[in-house]
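Biologist: I would like to go through the labels on this model one by one. For each, please give the value and the cut-off behind it.

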Amino acid sequence: MHNRRNFLGDIAKAGLIGLMPSTLKHEYVKAPAGIRFLTPPYLQCLTNDSVIIRWITDAPASSWVEYGESTTDRKALPEAELGLLAANTRVHQVVLKGLQPGTRYAYRVCSKQIVDFQPYLMTWGDTANSEVFHFTTPAIGAGEVSWIVLNDIHDRPASFAHLMQHNGKDPYDFVFLNGDMFDFQTDEQQLIDHLLTPVTSLFASQTPFMLARGNHETRGKYARQLPEYFNNPGNQYYFSFTRGPVHFIVLDTGEDKADDHAEYSQLVAFDDYRERQAHWLEQALQRPEFLKAPFRVVMMHIPVFHSGEGHGSMHCRQLFHPLFNKAGIDLMICGHTHRYGVHPADPATHHYPIVIGGGPKEGRRTLIKVTADRRKLQLRMLGDDGTEVGQYEVKATR
Ligand SMILES: [Fe+2]
């Protein structure tokens, strides 16, 4: 135990605490505490040339990612904010930029424990290195995309593996979590046990997922911390992106009851938030990437029809539905009602099909698989026993 104690003693004797002379070197002391990963790495926002890699450790650390095409000889640091690299945190995020499209990469994540962070004396602990994982960036101009939708898991972590087994070995580019993964948010351990552990054990260290908010991701004392763990394009819960022949629009449908409902303790403002999204949506529906895409798919938690007449459903219907009817969308995929179903386009109401995934109880859960190439988009909904309980096909007209 030389080291830190003696070093501090020397400084104290010299009367120099708080005023470090340039001749004095920092000491680095290996602490015995150790550091452990609480999650394997999970991928967010994979694009042609970038990806966000996230993970959690049990102790504060300075972190980085080692990566490369055949070896992991390149190093990426966390982004700097106001000149400071993100550090001394347990929830880590490193963005890999400048990747080659359509290329397979190897990577591992590394966290060097910060045992004590003093202004002139860092006490470093061990470094934890993950195993090596792989991911592949999408090719520019890819003619195909496939994805999986899970919804309304409601704090039943075993449902992930149960449903994903029904996919078999079919490839998929990403998994879309369409809301209500939880009943409400309590703490980080719940995020780890009920979401991050199951998805990383199944796919998330190799294949990214996106989390759309359901009305149950807005509840509980930890709901306001969710953005510290997940990334979506633009770091919003409403966003758009294009993959292959599909342009996606994702909305955050918010709570299902009125803002002044006693359940929310005067702590929510979803009417205003949905109105802001409607303004954003109006613009999004005029962009070339929406207009030119062979397929236009909307994914959001609360369906605008077939989900009762509660305030959330009706407000979404009032704000979003006329825009979708006017602009023309090919498919809307939702959850929320716990009753799966395929509701074809109807000239009297919604001029687009609405597919609703089921859940969360055994016998009512679904896995939705969608594949699209430039000619057609195919959706298959599989029930709890893996048999098909719904399907929809759209032929390209653009
Ligand atoms: Fe819901």
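Modeller: Exposed means over 50% relative accessible area, buried means under 20%, and partly exposed covers what is in between. The model is predicted.

Biologist: Why is Asn-235 called exposed?

Modeller: Asn-235 has a relative accessible area of 56%. The cut-off for exposed is over 50%, so Asn-235 counts as exposed. Asn-235 sits in the loop between strand S12 (209-212) and strand S13 (239-243). Its phi is near 50°, a positive value in a residue other than glycine.

Biologist: Why is Thr-197 called partly exposed?

Modeller: Thr-197 has 37% relative accessibility, which falls between 20% and 50%, so Thr-197 counts as partly exposed. Thr-197 is part of helix H3 (residues 188-202). Thr-197 and Tyr-42 are 155 residues apart in sequence, but their C-alpha atoms are 9.7 Å apart in space.

Biologist: What makes the contact between Glu-255 and Arg-219 a salt bridge?

Modeller: The N to O distance between the two side chains is 2.7 Å. The criterion is a side-chain nitrogen of Lys or Arg within 4 Å of a carboxyl oxygen of Asp or Glu, so the pair of Glu-255 and Arg-219 meets it. This pair links distant parts of the chain: Glu-255 is in the loop between S14 and H4, Arg-219 is in the loop between S12 and S13, and they are 36 residues apart.

Biologist: Why are Glu-255 and Arg-219 called buried?

Modeller: Glu-255 has a relative accessible area of 0%, under 20%, so Glu-255 is buried. Arg-219 has 16%, also under 20%, so Arg-219 is buried.

Biologist: What other salt bridge does Arg-219 form?

Modeller: Arg-219 forms a salt bridge with Asp-256, with the closest N and O atoms 3.0 Å apart. Arg-219 and Asp-256 are 37 residues apart, and the pair again links the loop between S12 and S13 to the loop between S14 and H4. Asp-256 is buried, as is Arg-219. A network of salt bridges links Arg-219, Glu-255, Asp-256, Lys-257 and Glu-263. The whole structure has 19 salt bridges.

Biologist: Why are Asp-271 and Arg-274 said to be separated by about one helical turn?

Modeller: Asp-271 and Arg-274 are three residues apart in helix H4, which means a separation of about one helical turn. Asp-271 and Arg-274 form a salt bridge, the closest N and O atoms being 3.0 Å apart. Asp-271 has 24% relative accessibility, between 20% and 50%, so Asp-271 is partly exposed. Arg-274 has 0%, under 20%, so Arg-274 is buried.

Biologist: Which residues form the positive surface patch?

Modeller: Arg-156, Arg-339, Lys-361 and Arg-364 form it. A patch residue needs over 30% relative accessible area, and Arg-156 has 32%, so Arg-156 passes that cut-off. Arg-156 is partly exposed and is placed in the loop between strand S10 (145-150) and helix H2 (158-164).

Biologist: Which peptide bond is cis, with omega near -15°?

Modeller: The bond from Gly-359 to Pro-360. Pro-360 lies in the loop between strand S18 (354-356) and strand S19 (367-372).

Biologist: Where does UniProt place the "Purple acid phosphatase N-terminal" domain?

Modeller: The unreviewed UniProt entry places this domain at residues 47-137. Over residues 47-137 the chain is 67% strand and 0% helix, and the end C-alpha atoms are 6 Å apart. The record also lists "Calcineurin-like phosphoesterase" at residues 148-340. Residues 148-340 are 30% helix and 16% strand, with end C-alpha atoms 15 Å apart.

Conventions
Residues are numbered from 1 along each chain as its sequence is written. This is a predicted model: local features need pLDDT of at least 70, side-chain atom pairs count only at pLDDT 80 or more; totals for chains, interfaces and linings use all residues. Side-chain values use heavy atoms; hydrogens and water are left out. UniProt positions are given in the numbering used here, feature names are shortened, and annotations may be inferred rather than shown by experiment. Helices (H or I, at least four residues) and strands (E, at least two) are DSSP runs, numbered from the N terminus. Buried means under 20% relative accessible area, exposed over 50%, partly exposed in between (1.4 Å probe, protein chains only). Patches are made of residues with over 30% relative accessible area and no salt bridge: like charges are joined within 9 Å, nonpolar side chains (Val, Leu, Ile, Met, Phe, Trp, Tyr) within 5 Å. Accessible areas come from the Shrake-Rupley method with a 1.4 Å probe; for residues, only the protein chains shown count as cover. Lys and Arg count as positive and Asp and Glu as negative; His and the chain ends are not counted. The place of a charge is taken as NZ of Lys, CZ of Arg, CG of Asp or CD of Glu.
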